[in-house]
Amino acid sequence: MADVNFTLVQLRYFVTAAELGSMTAASRELMVAQSAISAAIAQVERELGVQLLIRHHARGLSLCQVAARP
């Protein structure tokens, strides 16, 4: 398995944003700048090589359905 370069904090930001359906709501909940939430999630997605969240402009977020690799 390849090394991944993201942190548990970044994963926490992802989980919170996914649960709340909004980067703004996650930002408020975690008391962190919205740009930090967005950047952390983008880094996790780059490291994994998959899109995890669909960003609905001005309507929040939804989880992507990621197919399992064989």
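Are α1 and α2 parallel, perpendicular or oblique to each other? The structure is a predicted model. Two packed helices are described by the angle between their axes and the distance between the axes. Here helix α1, residues 8-20, packs against helix α2, residues 23-30, at an angle of about 120 degrees, and the axes lie 8 Å apart. Angles from 65 to 115 degrees count as roughly perpendicular and those over 145 as roughly antiparallel; α1 and α2 are therefore oblique to each other. Their crossing is right-handed.

On the α1 side, the contact is formed by Arg12, Tyr13, Thr16, Ala17 and Leu20, and on the α2 side by Ala25, Ala26, Glu29 and Leu30. By type, the residues of this contact comprise six nonpolar, one polar and two charged.

**The two sides of α2**

Which residues of α2 are buried? They are Met23, Ala26, Ser27 and Leu30. These residues span an arc of only 105 degrees around the axis, so they sit on the same side of α2. An α-helix has 3.6 residues a turn, so residues three or four places apart point the same way. The cover over the buried residues of α2 includes α1, α3 (34-48), β1 (53-56) and β2 (60-63). On the face of α2 turned away from the buried side are the exposed residues Arg28 and Glu29. Glu29 also belongs to the contact with α1.

**Ser27 and Arg55**

Ser27 is in helix α2, while Arg55 is in strand β1. Their relative accessible areas are set out below.

| Residue | Relative accessible area | Class |
|---|---|---|
| Ser27 | 12% | buried |
| Arg55 | 36% | partly exposed |

Buried means under 20% relative accessible area, so Ser27, at 12%, counts as buried. Arg55, at 36%, is partly exposed, because that class runs between the buried limit and the exposed limit of 50%.

What does Ser27 touch, leaving aside its neighbours within four places in sequence? Its contacts are Val32, Ala33, Gln34 and Ile37. With the same exclusion, Arg55 is in contact with Met23, Ile41, Ala42, Glu45, Gly60 and Leu61. One of these, Met23, is among the buried residues of α2.

How values were computed
Residues are numbered from 1 along each chain as its sequence is written. This is a predicted model: local features need pLDDT of at least 70, side-chain atom pairs count only at pLDDT 80 or more; totals for chains, interfaces and linings use all residues. Side-chain values use heavy atoms; hydrogens and water are left out. Axes are lines fitted to C-alpha atoms, for helices over the stretch in contact, and angles run from 0 to 180 degrees between N-to-C directions. Helices (H or I, at least four residues) and strands (E, at least two) are DSSP runs, numbered from the N terminus. Angles under 35 degrees count as roughly parallel, over 145 as roughly antiparallel, 65 to 115 as roughly perpendicular and the rest as oblique. A crossing is left-handed if the near helix is turned anticlockwise from the far one by less than a right angle, and right-handed if clockwise. Contact means heavy atoms within 4.5 Å. Ala, Val, Leu, Ile, Met, Phe, Trp, Tyr, Cys and Pro count as nonpolar, Asp, Glu, Lys and Arg as charged, and the others, Gly among them, as polar. Buried means under 20% relative accessible area, exposed over 50%, partly exposed in between (1.4 Å probe, protein chains only). The arc is that of the directions from the helix axis to the C-beta atoms.
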